[in-house]
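Here are my notes for you on this structure. Keep the 3D view open and follow along as you read.

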Amino acid sequence: MNDASTPEPRYVCARCGRTAPELPVTWTCSVENGTRHYFCEDCARANLRAIEGRLDSSWW
């Protein structure tokens, strides 16, 4: 059971699983096949060229 003082993680990095209760401004959002995928700053930075090339995350 979750304590009221610790909010449930709402955002999860689709690559590494890092969680955040609120969407950090440094995270990237990608829409693939109609589904939103969020990537933390570390995963986004490591795969920047693939993201800019609009490659699906399954490719990288």
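Predicted model: local features only at pLDDT ≥ 70, side-chain atom pairs only at ≥ 80, totals over all residues.

1. The chain has two helices and four strands.

2. The chain has 60 residues, and 23% of them count as buried. Its accessible surface is about 4800 Å², with 48% belonging to carbon and sulfur atoms.

3. Now for contacts along the sequence. Taking those between residues at least 6 apart, 26% join residues at least 24 apart.

4. A search of the whole structure turns up one aromatic pair. The partners are Tyr 11 and Tyr 38, and their arrangement is edge-to-face, with 5.1 Å centre to centre and 80 degrees between the planes. The planes count as edge-to-face because their angle is over 60 degrees. Tyr 11 sits in strand 1 (residues 11–12) and Tyr 38 in strand 4 (residues 35–39), so the pair links distant parts of the chain, 27 residues apart.

5. Are these two tyrosines buried or exposed? Both Tyr 11 and Tyr 38 are buried. They also belong to the largest nonpolar core, which has nine residues, including Ala 20, Trp 27 and Ala 44. Strand 4 and helix 1 (41–46) each contribute at least two residues to this core.

6. Setting aside neighbours within four places in sequence, Cys 13 is in contact with Arg 18, Trp 27, Tyr 38, Phe 39, Cys 40 and Cys 43.

Methods
Residues numbered from 1 in each chain as written. Heavy atoms only, no water. Buried < 20%, exposed > 50% of the residue type's maximum accessible area, 1.4 Å probe, protein only. Contact = heavy atoms within 4.5 Å. Areas by Shrake-Rupley, 256 points an atom, 1.4 Å probe, with all protein chains shown as cover. Phe/Tyr/Trp six-rings, centres within 6.5 Å; stacked < 30°, edge-to-face > 60°. Core = buried A, V, L, I, M, F, W, Y, C linked by side-chain atoms within 4.5 Å.
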